Amino acid sequence: MAGNEPRIKSAPAPALKVFNCPSCGAGISLRAAGQSVTAVCGSCAAIIDSSNENFQILEKAAKQGKRAQVIPLGQRGKLHGALWEVIGYMERKDGSGVFVWSEYLLFNPLKGFRWLTEFDGHWNYVITTKTKPTKLQSKEVTHLNKSYHLFHKGSAIVSYVIGEFYWQVKQGETVEVDDYVSPPEILSSERSANEVNWSLGEYVEADTVKSAFQIVQPMPRQAGVAPNQPSTATHNIKEVGKYWGLFLGTIVMLQLAFMVMAKNQTVYSDQFEFGPSDIEKIKVSPQFELSQGTSNLEIILSAPIQNDWIEVEGDLVNDDNGETIEFEQGVEYYSGRDSEGSWSEGSQQSSRVLSSIPGGKYHLNLSAKSGQYSNIYYKLVIKRSVITWSNFLLALVLISIYPLFAWWRSRSFEMDRWSKSDFSPYYQHQDEH
Amino acid sequence: MKLSCPACGAEVIFKSRSSVFGVCSFCSSTLVRHDLNIESLGKMSALPQDMSPLMLGTTGRFENSRFEIIGRQRISWEDGAWNEWYLHFDNGKDGWLADAQGFYLVSFQISDPPQFPVLAQLRIDSTIRLMGNEYTLEDIREVTCVGSQGELPVKSIKGRKSTSVDLVGENERYGNIDYSAEGNRLFFGSYVDFENLNLMNLREIDGW
């Protein structure tokens, strides 16, 4: 170092640089001296070149702002782990002038500048990025290995400024903006005649901004879905999908275990003759034994009927304690031939499963009814511990209801988001070429 | 190297052998070193107040090498100004740390640069090949040194003008060509996060 050592440690540098407005004489405080190059006088709204000591007036009075500036200049807040001071505020509008949004310039002497933007009550924390997107396709860019989908193309025109800025800001200054989204991020390029600047924004909850900057004014009313607003539904859908997969795996495993353990054992089988005189007559089966423990019981009825039906009413009686389980089981089968060929309807066999039948000694009391008064045979087979799918299917439906709902919600959120874009993957626009 | 200020007699120390220019911290005389002699070119006016957290004596690390800030150039252009801090590394190397709008860029001068492209033929957004790599011309601007501090490897007298050409390459490679009457210089470097520079002995700023 050129100089005498030890150097006298300098006193802390002042945080503010004060000069007088060359237009109205009021004092103007620079909060980012040496970094900001434009300052707007707080009392007469003249825009002043603050890049050197000459303090030239760039523009006389600025127009009035159209929106509510909810964070005053000089206000500090902690966001993303650092303390920021609001040093500038500007409003910009789109080419049509219909949409106007707010941009707060934040400054920290160690970290430089950030932006906090607000439109329709939705906030973004924005940082200029020096890393340019590497791969450019017509509707997609890749930035730091992440891809962003084109959402909006349009212009941004400065309509109001107050405070200080790190470039020569002028009212009416126009840039062409391309916005690409990958919620919660938004990647934007701003193109002017001389340069292209890229910035990366991240969606910030309004409540986070409110508490960070201790905003006392009412926050701008939130409307619609922001281009890069993270959908709680979208976020949820991944979680839900994960759990759905987990549950599905579990019930599949349970079903497999159940299938392996099923004995499928025939405990009773008999054939009966049934004629007109047998109506209302009860037949009693011999006693049979069901193995210990609780398991299901499948009752299979078959009858070689043609254009007929038969219905069997049965009582499964536990001989140990007299408990009776009633069941009804029928078959019907019709067939024939018509102009379209042969047809058939129904089946000559049917079955049902009674669940949770305790082990023990049982017998059956059976009676039958039929449509025709001729002698027919029917066969009844009873199997213990059979494979069933009904519980599995029921569980599958139950675990899928919420995921389906979540998927639907996520999809409608995304459709809402993209309804404002000309580049929606959900809608094809006629005017798009 | 210890020398005496020809203007006030105070001791002047040059930490880097590459330094040819200094500002006496005692009397603000602008000094040019000719080997063992130094010549005073008059006084350097005080630098405009700024909010940079860096100062002479700030130390840091870059690519596992410790450095100390030993000089500073304040550079202005049409639309603003930034600081170029001259770094002296413990391993003897010298480099630059640019601090502009909160972005920090460390770069090193290329001692054996190739043939420089003709300045008049350069266009923004065009690409050029330099030392085996392709670069996009980001901007071309007339810059002026508005003041300096400490010791520097160039005669950074106030009002020194040059043309600065910024180049951006793949993988965040950054380049700069400084075209000036005294000779053209080429720098290569990269942007570094403030946190990753491990800076110590920073300037205190009231209220921050």
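In chain A, four strands form an open sheet in the order β17-β26-β20-β24, and their pairing is antiparallel. Strands here are DSSP runs labelled E of at least two residues, numbered from the N terminus, and two of them pair if DSSP finds at least two bridges between them. The edge strands of this sheet are β17 (265-274) and β24 (349-357) of chain A, each of which pairs on one side only, and the twist from one strand to the next averages 15°, as an angle on the 0 to 180 degrees scale between N-to-C directions of lines fitted to C-alpha atoms.

This is a predicted model, in which local features need pLDDT of at least 70 and side-chain atom pairs count only at pLDDT 80 or more, while totals for chains, interfaces and linings use all residues. Residues are numbered from 1 along each chain as its sequence is written, and chains are lettered from A in the order in which they are written.

| Strand pair | Bridges | Residues standing opposite |
|---|---|---|
| β17(A) and β26(A) (residues 376-384) | nine bridges | Ser269(A) and Val381(A) |
| β22(A) (residues 324-338) and β23(A) | seven bridges | Tyr333(A) and Gly346(A) |

β22(A) and β23(A) form a hairpin with two residues between them. Strand β23 (residues 341-347) of chain A is hardly covered, since the count of buried residues among its seven residues is zero, where buried requires 20 or more other C-beta atoms, placed from the backbone, within 10 Å of the residue's own.

Between the chains, 31 residues of chain A are in contact with 41 residues of chain B, contact meaning that C-beta atoms placed from the backbone lie within 7 Å.

Conventions
Contact = placed C-beta atoms within 7 Å. Buried ≥ 20, exposed ≤ 12 C-beta atoms within 10 Å, placed from the backbone.
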